[in-house]
Amino acid sequence: MNTFSPAQFLPMHIAKSIASYLPHCEDYRDPLLGTFGLECKHISLLPFMRVSRHWRLGSCSLFYANATETESRGPMLFGFPSKVLKMKEAIETGNHTRIKKLNLYVLMSGFIESESTPDKSLQQLLLSTGPLSRIRTVNFIAVFDKRGFNRNSLSETQTQLLAKNIHSYLDTFRKLFPNVNSIGLCMCFLNNSGLVNSPVEHAFTAILQDIIGRCPRCFCCTSFKIPANLAHFLHDKSLREITVWYRGDSNVYNELIQRNALSLRKLCIRDAAMLDIVQLTLTQAGTLVYPQMQQLSIDSCSGLINLDHRQPSVNPFPALRNFACYGRFPFATPIILSANCNQLSSLYLDFNRHLATMLDSRKLLEPHTFKALHTISVGVLGTDFEHIVSGNKIFLWAINASPVISLVTISGIVLTNFEQDVLPSIIFSKTLRELHMPGVHLSIKNSLQLIHGFENLVNAALSFTEASARFSEAFPADKDIKEYQLMATEFPAAIRILKMTTRYHYSTQCAAELFVLVASLLPKIKTVVLVCQNTEKIRLASTICNIVQNPPYDQMSRISKDTFEFAN
């Protein structure tokens, strides 16, 4: 007789909520496209879906949200791993109607090969599924190689074939995806083909222009230099989202963004010069305001900040909620931060001397400056950072930035005199739920003092070094364990998930002993995630198993070998 847990019959909205919080599997990065990532969430959902039919129904919408479609030779050409959900798999299970986002690979040489039909895969989809009306986003990934045509010219036959195939492809695309409103663009080149300004590349532009002509709300362009005519075509489309990697003439990108200033809600920029970023908010008429911009991400700026360059006189992003700046801060004034300090909900900053000094002078490093901030992530730039500004100050700013903070990530900060200079100044917020500190080294004692102070902290990532753990040949000694256990009883932590890394340990035995000790000091711990290389997993797991089966840990029912999980 089969028995079922009551959990298998949770209300549907609760089952869906649980599924949405499951950890993402690692992003799949296509080797052809570098950092162009295909977000795949379905692997981590598989165990959840197998619990019961009820749970499966609650998570199918997430599992089948994203899919990938290639030509018949695509899987062999691109070598997709199993974690990428292919369109064929969704059709076979009858879940193709759940797909909202499709990554569409197209081999461009097929448009001029007489034996090839470039829209064959789309035609097959149309016949088997009919129009896919739920798909709103298509990432159009064009793959170029040298087969079948000369780099800079086509024969008359190829030219005619190219025109015919483009017309056929567009006709099938329109029928298959009638409701697409978001287009992502990417180009990659096989065998160093480098088909710049080739007829086939112009054909690709023509295809895009027709597709984009149906007024998409979102435009994403990576690894692809936007032709001026295509950018001009987009000027008056009232785009809500733009993601661009600057390639070639920066004026093309700046004008595209500025012309959509009134409608933009999300802007992601990469590889732009700092002057280009500044000029996005300035025109000859004065400050250009983006009244609906809620998300702004700037990555990998180059060049130097021109301190003498005129700056915005008013806040250019009055509705900003999420701001991320990966790399150097491109503005000579922190007006984006100071003017939005009462409404920003998430913030990512990489600190250097210029930014730290600027924020300090404007009193933006004071505790609780950002009233609505829920998520903050802080990194550092420059090898001489710690000689210029105190890592203690940046650490305290991140921890104390907001009275409603729930997630803090701090990386690369060097702390000094923690008990004397840092610990007394920490405001232990009751709202903090997650604290991640990769590369921020603390002793076991200092780590306990920190995490036990946050009474609602349930998830943490910590880093220890052998020096900070006071390793000896027989560590941990009985007196060490008793000392730490006494400290843990004084501050019962709520933490349930702890993440640690073996990166800073040279001995598997010492690392295992340290991990088990720290886990034993947390009375509510459920899972300890150990980040290590694949070659270390078996040896580390075996060592931990031996430790937990012997005194003093064999008497602790909450600690066992099943408490520990491993990740790369």
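**Exercise 1. Work out how many disulfides this predicted model holds, and why cysteine 301 forms none.**

Start with the rule: a disulfide is a pair of cysteine sulfur atoms within 2.5 Å. By that rule the count is zero. Next, look at cysteine 301: its closest cysteine sulfur belongs to cysteine 325 and lies 5.8 Å away, too far for a bond. Cysteine 325 is likewise in no disulfide. Finally, check burial, where buried means under 20% relative accessible area, exposed over 50% and partly exposed in between, with a 1.4 Å probe and protein chains only. Cysteine 301 is buried at 9% relative accessibility, and cysteine 325 is buried at 1%.

A note on the numbers before you go on: residues are numbered from 1 along each chain as its sequence is written. In this predicted model, local features need pLDDT of at least 70 and side-chain atom pairs count only at pLDDT 80 or more, while totals for chains, interfaces and linings use all residues; side-chain values use heavy atoms, without hydrogens and water.

**Exercise 2. Classify the ring pair of phenylalanine 351 and tryptophan 397.**

Rings of Phe, Tyr and Trp (its six-membered ring) pair if their centres lie within 6.5 Å; planes under 30 degrees apart are stacked, over 60 edge-to-face and the rest tilted. The model has nine aromatic pairs. In this one the centres are 5.4 Å apart and the planes stand at 70 degrees, so the pair is edge-to-face. Now place the partners, using DSSP runs numbered from the N terminus (helices, H or I, at least four residues; strands, E, at least two). Phenylalanine 351 sits in strand E14 and tryptophan 397 in helix H15, 46 residues apart, so to speak a link between distant parts of the chain. Phenylalanine 351 is buried at 0% relative accessible area, and tryptophan 397 is buried at 2%.

**Exercise 3. Describe the lining of the largest cavity.**

On a 1 Å grid over the protein atoms alone, a cavity is a set of points where a 1.4 Å probe fits but cannot get out, and lining residues have an atom within 4 Å of a point. Sorted by type, the lining has nine nonpolar residues, one polar and no charged. Here Ala, Val, Leu, Ile, Met, Phe, Trp, Tyr, Cys and Pro count as nonpolar, Asp, Glu, Lys and Arg as charged, and the others, Gly among them, as polar.

Definitions and conventions: 1 Å grid on protein atoms, 1.4 Å probe; cavity = no way out; pocket = protein on both sides within 12 Å on 5 of 7 lines; lining within 4 Å.
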